[in-house]
Amino acid sequence: MGLGRRDLLKLVGGGAAGFFLTPVPWRLIDGVAIRTESWPGVPDPPRGEVRTRYTTCTLCPAACGVRARCVVDQPVSLAGVASHPASAGVLCPAGLCGHHLPLLPNRLRQALARKGDNFQPVGIDAVAGAVATALADMRQNGSAERVAVLDARPGRTASLMYRRWLRAAPNGTYLLAPSAEATAPMGIDIARTGTVLSFGAPVLDGWGTPGRVLEARKTFRLIQVETRQSRTALLADGWLPIRPGTEAALALGIANVLIEEKLYDAAAARNASDFAAYAALAAQFPPQRAAQLTGIPAQTIIAAAHDFVGHGPAIAIAASDPGGGPLGEDEQIAIAALNVLSGSIGREGGFLPRGEASRPAGFEEAALAPEQGIAEVPDASIRVLIIDDARAAGTWCWSAIERKLAATHIVVAMTEFLEGAAQHADFAVPAPAYLEAGEDAPAPPDVPAAMFSLAGALLKPPPEAVDGAAFLNQVAGGGPALADVLKQRVAAIHASRRGEVFHYADASRTAVRDVKSAADLWKALEEGGCWIDHQPTPHEKPLFAILGDAPDRVLEAASGRLPADAQFPLALVPYGWRGAAGGAISPIMTKLYQESDLRPGGDTIELHPDTARKYGVADGHVAIVQTRCGSCQRRVRVDESVMPGVIQAEVGPSASGNCRPEALLNACGVAGDGTWRLARASLRRA
Amino acid sequence: MFPWVNGFKWDAGHVIFLGAFYTVVMIVLATVVRALVRSRHHVRVEKVEAFRWKQDFHDLPARDRRCRHELNGEVDSRLCENGFDCRSCAKHPEFVQAAAARADLPKGELFGFPMPLDRLYHRGHTWVRKEKDGTLSVGLDELGARLIGKPERLDLPELGQHLNANATAWSAARNGATIRVLAPIEGTVLATGGPDQGWYLKLRPDGPQPDTRHLLRDGEAVRWMSRELDRLQLLATHGACPALADGGALVEDLGAALPKNEWAAVCGEMLLEP
Amino acid sequence: MKNYRGSILFVAGFAIALSAGWLAFPRAEYERQNQPIQFSHKVHRDKGGMKCEDCHAIRDDGTFSGIPAVDKCAGCHAAPMGTTDEEKRMIKRYIEPNREIPWLVYARQPENVRFSHAFHVKLAKLACERCHQAHGDSNSLPAFERDRVSGYSRDILGDPSLANAANRHPGMQMDDCIRCHQQRGVQDSCLACHK
Amino acid sequence: MDRSYIARGLERCTTRRFLMWLLPWTLLLAFGLYAAGLCLFKGLNQTNMDNRFAFGLWIFLDLTVIALGAGAFFTGFLVYILRMHELKAVINSAVVIGLVCYSGAVTVLMVDVGQPLRAWFTFWHPNVHSMLTEVTFCITCYLTVLAIEYLPLLLKNRRLRQVPSFLVFEFELHRVMYVLAGVGTFLSFFHQGSLGGLYGVLRGRPFAFREALGVWPSTFFLFVLSAAAVGPSFVLLTTWLVEKITGHQLVERTVMQKLGRLSGVLLIVYVLLKTIDTLVWMNRTVPGEGFSPQQFYGFEPFGVWILFAEIVVFGLLPAVVLLDARRRASQAWLLTAAGFACFGVALNRFVMTIQTLALPTLPFDRFLSYWPSWQEVGTFLAVVAYGVLVYSLSYRYLILFPQERDLKAR
Amino acid sequence: MAANKSARYGMVIDLDRCTGCGACMVACAIENNVPPANAKATERTGITWMRVHRLGNGRPFPDSRAVFFPILCQQCGHHTPCVAVCPQNAVEVDAATGIVDQMPQRCLGCRYCMAACPYHARYFNWWDPAWPAGMEKTLNPDVAPRMRGVVEKCNLCHGRLHRAESKAAAEGRRDIAANDYVPACVEACPAKAITFGDLADDQTEVAQLARSEGAFRLLEKLGTESKVYYRSERPWVHQAVKSGIGKEPQRG
């Protein structure tokens, strides 16, 4: 009897019935559901012992203490070091995801040489060779051209080594980065400051040492002078929305009030050789005139002046914007002069002189090339330019540098990414990234004490990577390694027996004189610690000139930087924030740029509704910003808080994560004094 | 879902909600299972044919379910409720009583349409003739014969098989359609014939005296047949069935005359298959 | 006979399905993998005189060291101590290049499970054997069995087959945890044991 | 060639024409399945839904479709429980519509969830307090019931009933149909309701939140009522549509009017209660949550007009027409009114889902807009195509309108 | 299993100190293995357990002012909107800590809870979680990455709570030390704007701040008893929050 169709059905039916009484269907349903927990789309976190290690953040001059949580050796999260003398347990968003930087996909892992518009791999010795031959050539026919090192992070021990190296090189020139925060001989005693009059300094958004500043915020009054309603302006006690480029006028206006009403510190004024001249200059800016120039009501100016000196120690600061670049030298003079009037120089709660971590022998100032600003170097004079930490140069205006290069030149960029200035280099040399370089962090610009911390390497750099010092040694054919010089410096500090060590791990402090050996000090610093010395260097108040050598230039600056221009009726104001100044950023930054509207991003401009209406653009449109120097395309964001007639443009990463502010910065152009914080522009819809 | 699955609590919410759920599931399950069991049972005891006729009859359009006594003019309008099996009808005897008075003049043909009265007619266009030997011969009446004509295939019951009245007696395939023919009366199959023999089945009746009250006879049959012819005319729109009343003659083989689809529809209509 | 034929076929199909599901499937469900190298707890304990805690310890921060990293092995096995080829292989493959040994962990919970040994051992005072059999005496490592569907180890899922119903491993699935927690009256939220 | 599958005496177009009719719908189905496949394998990023518009086109249309499919349970209820025999003329069609609507909706829901492979968790670890659990349980149960109700229709197919056991089973099922109808009614009541509850319980969405009557928010009952109200209207419309397409009259006009009247009666009650509910919401619920009703209608394009349209234009108006015997008698009025009624309920579902999510709840929220992606639209078109196909096949091979043959013979 | 006594963890966020720097968002993402946004993601499809919004006072320059509003799961303690709606118990309020737990492994991604949450604190995984190649090794081992198609949200850094608990257990304690458990956003905030702690314990700073002048909660009238409080001295902020919904925000 064969199996008929019916029979087969019966058999299958029986099978089906039995099937449901076995574990098979249930295990499958369950198993498949469980599989969704670990299917290919879901990554596996690392496993292993969790350790805590310490280092110092070198992403910006603030040199915050870093507590790294590592699985075995790989950092998985960074945090501040509680009660750190400078950073007070704070890290900025960029610092918090700094451990992603060494792992970024666009990491530079081998040296590249420019071929036309793109780069090709090349050996590092080839690069060193190229530089060496150039130097040899210059030496031979004793050309007047320069060898320059452009240092994005001055004040490090490495910087000292560059300067010493340059001293030996033909016309060696040591250049400070355009927007680098100057390492002033004075720090700010912010904890005891009564009033801060800030001319566009991002006081609460990444200025000086954020930890210290924000901690002190409870105690000082903040008057923010800024065109833009920045985060600082929002939280300031007073916001003076000033017409772009008229800071000097306001400074002199306030000075005028203080002098007229005899509210200034006469004793301090006596130290100024040219106080009379200054007073005369200020006299030309009565509140009414200042009001006309700045667009701030006279009453407000007067009130601000009273406010300024009315609450104990008062300082006026004019820091450079991380994206917008520095204020003009002349504005800075006009603003700094206010500190003379408030008598805050050398006074508690004001600017305090500070010492410096002792240097090893052979690094005395005399043995080093002097620090110079780019503006000071004549155009077309640099034959060889070596840029250290070009990544941090993400927000420089390249044309400011380009114009200094000689007809034939070599530009070498020491960098972790092919970003920022590195894109313009002839050679890109892979440098150790953050957390990979065993280096030191200089005293933050605003700390009123000598400081020195080591940024111990938590990770191994890629095999090809070399630090700047090593590269220069290779060029010169020999020289001490950075690590050795660092050790010498630590030894010198130990020898000086000054100051104390702050240990990150347990927030304890040890006086240097109690540290047995230099080796112990080194160990303490490398395992996570910083040396700090509050002892100010002896400093008598010499006679000095407020206006320096250029009273008329100050006058000119104060009379308004931005001449009216019918063709370009709008004012273009670039700005940025420290965290994004570095070209490459962690992908997690998409939280700030893409997944929230917290930061407008480097592909936008902000306009007042009226401005937008007037030029026929609306929120979301793409507009073309045109200046005399160039143009750039950006997405429009309409915002009530923007000053009418002003285009605000963020310099920094965009939602897409990469930082290509070139177009904007070039459009801004570079003024004679090496600033680009302001330009005349016109606007139209793309 | 179940008390032993984690997350389950013996609180009102769970008890009521899941209680309701399981009740519903049980009810649905029980209903379906019951239906299954019963139908399996029916198949076992071979009630299928009975059900089929029940349903067919139920699905027939009202005009096909007229009571024979309406055709007979004994009642104005009445629908049959018993699947044309008057033996189980309560009203039937009364009508018969009433009709008894009426005299009938039987006539062997209808507009030249042979209608032998030596046999009893079933509403499904079959006839039954009591033979001398006590057997029953079953065949298609003239109309049925002309409807089906020469079938391409004929499925006759096996010998010895027992047929119920109104069960499928045999089925004929033609023009790509199968037409089933209802058994006019119950009985056991003794022999099978075909269109050529003039009869299709010879049956041994269940009892010595087969109950044939449900079958049409004499004048009643003639009246019924004339009405059937009218119906046929209505149905078959084509010239195949000329107005007999006007002396036209019905074509010999409707199966050949009518377009296939229409033919199938007509057969179904006339042979009481919805 | 004819009447019953259908029923017989039905039962036959039923039986086939049952046996396949209960006997064949549990074998087919798991893929067997051998450990990268063999290891004898017994030898290390008896000859090496080591205690369990030497390798499987709870750290001060409450995390569990689990299976020791290769440097722990290197501590003794920098050079061969015994004569087994297995040891030589380990030294050659892992210790010399200082590569971690890719152990297949029988009791590894899914990534989303948070299990604190500190809780169960230090506070609840549970014996290791409560969940892991007495590995101490084991002389070799059994094959690692991974469920083809869910991807988890047999020690986690437990074993549904009738074959070894007698000494059936209870498994370490959520239900098993919950059962014990309920017995001990521990009330938990999901995230107490998930991460 | 498929003659032998078509019940005798029913006039159906030629196989060729039928296939021509199926072709475009099949293509549409294929396209839709592709779209759905994208959503399943690439994930819901294929849709235009987002964290703020967590529900989109799919939920809105599911709610609508299920409301329209309510004809199945309600007609069943009337025929088998209340014994309104004249409605037998449409019950089969209603069952098919119900089956199509529900199976379609459930399919789309399966695509709509992010982890379909875990869908059974809802049964295994149900949160009995969640409206969605109620919906899931009821709809799956009711879908089963519908399938069982559909079975007799299928088995009655001319070819299938040749098989003796099918024939008998169909007969037996038919006899217990009233039980299934009862269960169906019970289930439908709850899931139609809990679909309303779905949004009514959202305390965090003041626009949708309604205070509870007993355990359920008022929307629970409003949804049941509105669904029951449009069910007949939709059956009416489809029947008319099929008549237009096939060119046969399928049911007695009286049946249509009966359906119309039923819709009218229920609709007027619904409109009344909906009005009361709205007033309570405006004067009690919303202020209680610290808002004022105007706030919700301040965002164009969703002004007060939408409320007016929902209650008056597409609620009260059709109700009045359907209740007026003279108007009802005219086919045009009847159909227009039925159409309005259906649209009104669709609008109500739209307001409950889309408008609710579009409205901000926090000071710094935007009023959101949302436009479905082609994948979303495609997926739903698949359901439409599937519905048309199933209905077409059923209409051709099964007896959806018992009166058809008699009406033809007339 | 957390603390024996049942705690009600919550926080007070001082809006007058928040500079809107976004450190909390970054720290949160790193701590909880929240992936970087997919290239196609927008601010409406991205995942940010902690998101800083900007609320303007709606007045034109130069009177325009704005405040930064960090929004995270408000940990509702009553009528918790998301708990009641979840069809399969993937959301619950932990009795021991008062934390609203979301279980991604139980979630089927119906997103009903997202529709229910008035604070928009819940996020759906529209894409597979993807880190640039090689960056998986920076994931936090204490938190399991979620898979595509499920909902996730802030759980007050449950991983850190676990760490604190394990530490306590290792030292033989059942109760955790208060300063062992601090969510990432709180730790990271440079302005120290967030105060975190046990609201049930009147002695804690957070409990006192929550009761202090100028403290408020969002949508308080919904009666959700959320455990995230906000503080501001600025009257217009209170005005803006009370005056209800849908102020078109200035850009952040």
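Me: How many salt bridges are counted between chain C and chain E?
Reply: A salt bridge here is a side-chain nitrogen of Lys or Arg within 4 Å of a carboxyl oxygen of Asp or Glu. By that rule, the count between chain C and chain E is one salt bridge.

Me: Which residue of chain E forms a salt bridge with R114(C)?
Reply: This is a predicted model, where local features need pLDDT of at least 70, side-chain atom pairs count only at pLDDT 80 or more, and totals for chains, interfaces and linings use all residues. Residues are numbered from 1 along each chain as its sequence is written, chains are lettered from A and ligands numbered from 1 in the order in which they are written, and side-chain values use heavy atoms, leaving out hydrogens and water. The closest N and O atoms of the pair are 3.1 Å apart, and the partner of R114(C) is E165(E).

Me: Which helices of chain C each supply at least two residues of the side that touches chain E?
Reply: Helices are DSSP runs of H or I with at least four residues, strands are E runs of at least two, and both are numbered from the N terminus. On the side of chain C that touches chain E, the helices that each supply at least two residues are helix 6 (117–123), helix 8 (174–183) and helix 9 (190–193).

Me: What area is buried between chain C and chain E?
Reply: The size of an interface is often given as the accessible area lost when the parts come together. Buried area is found with a 1.4 Å probe and summed over both parts. Here 23 residues from chain C and 25 residues from chain E take part. Carbon and sulfur atoms give 64% of the buried area, which is about 2000 Å².

Me: Which two chains have the most contacts between them?
Reply: Contact means heavy atoms within 4.5 Å. Chain A and chain B have no contact, their closest C-alpha atoms being 14 Å apart. Among the eight pairs of chains that touch, the most contacts are between chains A and E.

Me: What area is buried between chain E and chain A?
Reply: The contact takes 68 residues from chain E and 64 residues from chain A. Of the area buried between the two, carbon and sulfur atoms give 62%, and the total is about 5300 Å².

Me: Which residue of chain A forms a salt bridge with E187(E)?
Reply: Two salt bridges are counted between chain E and chain A. In the one with E187(E), the closest N and O atoms are 3.3 Å apart, and the partner is R67(A).

Me: Which helix of chain E gives the largest share of the side that touches chain A?
Reply: Strand 2 (51–56) and strand 3 (66–71) are among the elements that each supply at least two residues. The largest share is six residues, and this comes from helix 1 of chain E.

Me: Is T232(A) buried or exposed?
Reply: T232(A) lies in helix 7 (residues 231–235) of chain A and touches several residues, including L204(A) and L222(A). With a 1.4 Å probe and protein chains only, under 20% relative accessible area is buried, over 50% is exposed, and in between is partly exposed. Because its relative accessibility is 0%, T232(A) counts as buried.

Me: How many of the 14 residues of helix 8 of chain A are buried?
Reply: This helix is followed by K262(A), whose phi is positive, near 55 degrees. Helix 8 of chain A is largely enclosed by the rest of the structure, because its buried residues number 13 of the 14.

Definitions and conventions. Lists of a residue's contacts leave out its neighbours within four places in sequence.
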